[in-house]
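Colleague: I am new to reading protein models, and I would like to go through one with you step by step. Could you show me how each kind of feature is read, and then what it looks like here?

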Amino acid sequence: MGQAIRALLCLAAVLASAAAGAHGVAEGDKGFIETVSGPQIGPFLYLGAKHMVTGYDHLLFLLGVIFFLYRMRQVALYVTLFALGHSTTLIAGVLLGTQVSAHLVDAVIGLSVVYKALDNLGAWRRWLGWQPDARAAVLLFGLVHGLGLATKLQDFALSPDGLVANLIAFNVGVEIGQLLALAAILIVMGYWRRTASFARHAFAANVVLMSAGFMLFGLQMTGFFLEG
């Protein structure tokens, strides 16, 4: 349990040092996004992949999703559902000009991490007497995660010239980044599962995951009220 506490403290330090939120865009990338015109497939592929690989809220949620999935068919199903939801609201949110508070969306994303950690701990069956459909939940939270990025992209002066092509390229990049991050997570999880430590510390790991979700929620709600 001491290891879990140390991991939680390290994670708290990382989250506390996060600047603007889980979907922030680096200043250099922001300048590029606002100045380009016309289709820029390669650069937007890169930006999308970079966003996913550095998007710790997405990675925490994915970790929770695959924590107890052992078959690649199951992993593929849940990741596809998440990608479908994420892609839909990312593209549609920008094209339709959907305006939502980025802090509130990111707060819900933090709660999605909490939800999945509690699901892994078997809390819903004990508390509610029934198990929510995990597939529906992953699709729903995928929609929320995509909307989070869409709200950030709308803060930039996106050129209408090549907008659809660039959004699609960005989204494909996000999915590529997701696959790369997922591969790394699965390698680490696969190694951990083969050790006796997994059975001993799986519960504690999900408590850490849940705590990280609550911290994300708290940081975003603080930002929301300070902004207001």
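**Reading a helical model**

Modeller: Let us begin with contacts, where contact means heavy atoms within 4.5 Å: residues 24 or more positions apart account for 86% of the contacts in the protein chain with a separation of 6 or more. Please keep in mind that this is a predicted model, in which local features need pLDDT of at least 70 and side-chain atom pairs count only at pLDDT 80 or more, while totals for chains, interfaces and linings use all residues. Residues are numbered from 1 along each chain as its sequence is written, and side-chain values use heavy atoms, with hydrogens and water left out.

Colleague: How many helices and strands does the protein chain have?

Modeller: Helices (H or I, at least four residues) and strands (E, at least two) are DSSP runs, numbered from the N terminus. In the protein chain there are ten helices and zero strands, and the pattern along the sequence reads α-α-α-α-α-α-α-α-α-α.

Colleague: What share of the residues counts as buried?

Modeller: Buried means under 20% relative accessible area, exposed means over 50%, and partly exposed lies in between, using a 1.4 Å probe and protein chains only. By that rule 49% of the 228 residues of the protein chain count as buried.

Colleague: How far apart should the ends of α6 be, and how far apart are they?

Modeller: The expected span of a helix is 1.5 Å times one less than its number of residues. For the 19 residues of α6 this gives 27 Å, and the end C-alpha atoms are 27 Å apart, which agrees. Because 16 of the 19 residues of α6 are buried, this helix is largely enclosed by the rest of the structure. Just after α6, Gly122 takes a positive phi of about 75°.

Colleague: What does the check give for helix α3, and which of its residues are buried?

Modeller: Helix α3 (residues 41–54) has 14 residues, which should span 20 Å, and its end C-alpha atoms are 20 Å apart, in agreement. Its buried residues include Phe44, Leu47, Gly48 and Ala49, as well as His51 and Met52. Ile41 also lies in α3, but at 42% relative accessibility Ile41 counts as partly exposed. Leaving aside neighbours within four places in sequence, Ile41 is in contact with Ala165, Asn166 and Ala169. The C-alpha atoms of Ile41 and Leu167 are separated by 9.0 Å, although these residues are 126 residues apart along the chain.

Colleague: Where is Arg135, and which residues is Arg135 in contact with?

Modeller: Arg135 has its place in helix α8 and, at 45% relative accessibility, counts as partly exposed. When neighbours within four places in sequence are left aside, Arg135 is in contact with Leu77, Tyr78 and Leu81. Between the C-alpha atoms of Arg135 and Leu81 there are 7.2 Å, while 54 residues separate the two along the chain.

Colleague: Which residues of the largest nonpolar core touch the most other members?

Modeller: A nonpolar core is a set of buried Ala, Val, Leu, Ile, Met, Phe, Trp, Tyr and Cys residues joined through side-chain atoms within 4.5 Å. The largest one holds 32 residues, and Val65 and Ile66 touch the most other members. The largest share of this core, six residues, comes from α10. Setting aside neighbours within four places in sequence, Ile66 is in contact with Val75, Leu182, Ile185, Leu186, Met189 and Arg193. Apart from this core lies another, of 16 residues, among them Leu149, Ala150, Leu153 and Phe156.

Colleague: How many cavities of 30 Å³ or more are there, and which residues line the largest cavity?

Modeller: Rolling a probe the size of a water molecule over the atoms shows where empty space is left. On a 1 Å grid over the protein atoms alone, a cavity is a set of points where a 1.4 Å probe fits but cannot get out, and lining residues have an atom within 4 Å of a point. Grid points are joined across faces, edges and corners, and a volume is the space filled by probe spheres set on the points. The count comes to two cavities of 30 Å³ or more, and the largest cavity has a volume of about 60 Å³. Its lining consists of Ile33, Val36, Phe44, Leu158, Ser159, Leu163, Asn166 and Leu167, and helix α9 (residues 163–193) gives the most to this lining, with three residues.

Definitions and conventions:
1 Å grid on protein atoms, 1.4 Å probe; cavity = no way out; pocket = protein on both sides within 12 Å on 5 of 7 lines; lining within 4 Å.
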